[in-house]
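Visitor: I would like to learn how to read salt bridges in a model. Please show me the structure, then take me through a case.

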Amino acid sequence: MTTLNGLRLLPWSGPGGKPCYLSTDNPESYMSRLADGIEAVQLSGASALLEEASEALDNQDTSLDEMRCLVSELTGALRDVLRIATSRGHLRATSDPSESAY
């Protein structure tokens, strides 16, 4: 995933899985708040999946089908978290260039 200068990578994909971007200087705009809300839901879901995965790994009775389903869900959650991290890293770098070295 790449980010474009001055654009926010949104937490959803467009047609064909292509990234969607938002161009606004207003973090309180409707679309910015919508993206923030979706990111919060995605991060919460990833946290719940992580807990579920830990429990499944500790449970020797977890079936192979259950593990496959869990891995599929974890893959989607990881994709979402990486998109959020990319977006937030880009926003941070454009808002304070001195912090982009970290």
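Visitor: Which residue forms a salt bridge with Arg8, with the closest N and O atoms 2.7 Å apart?
Guide: Start with the general idea. Side chains of opposite charge can pair when their charged atoms come close. In this predicted model, Arg8 pairs that way with Asp36.

Visitor: Which parts does the pair tie together?
Guide: Arg8 sits in strand 1 (residues 8-13) and Asp36 in helix 1 (residues 30-58), so the bridge ties together parts 28 residues apart in sequence.

Visitor: Is Arg8 buried or exposed?
Guide: Buried means under 20% relative accessible area. Arg8 has 9%, so Arg8 is buried. Asp36 has 36% and is partly exposed.

Visitor: Which other salt bridge does Arg8 form?
Guide: One with Glu39, where the closest N and O atoms are 3.2 Å apart. This pair also links distant parts of the chain: Glu39 is in helix 1, Arg8 in strand 1, 31 residues apart. Glu39 is buried, at 1% relative accessibility.

Visitor: With which residue in helix 2 does Glu39 pair?
Guide: With Arg88, again with 3.2 Å between the closest N and O atoms. Helix 2 covers residues 64-95, and this link from helix 1 joins residues 49 apart. Arg88 is partly exposed, at 42% relative accessibility.

Visitor: What do salt bridges with shared partners join?
Guide: One network, made of Arg8, Asp36, Glu39 and Arg88.

Visitor: How many salt bridges does the structure hold?
Guide: Four. Among them are Arg8 with Asp36, Glu39 with Arg8 and Glu39 with Arg88.

Notes: Residues numbered from 1 in each chain as written. Predicted model: local features only at pLDDT ≥ 70, side-chain atom pairs only at ≥ 80, totals over all residues. Heavy atoms only, no water. Salt bridge = Lys/Arg side-chain N within 4 Å of Asp/Glu carboxyl O. Helix = DSSP H or I, 4+ residues; strand = E, 2+ residues; numbered from the N terminus. Buried < 20%, exposed > 50% of the residue type's maximum accessible area, 1.4 Å probe, protein only.
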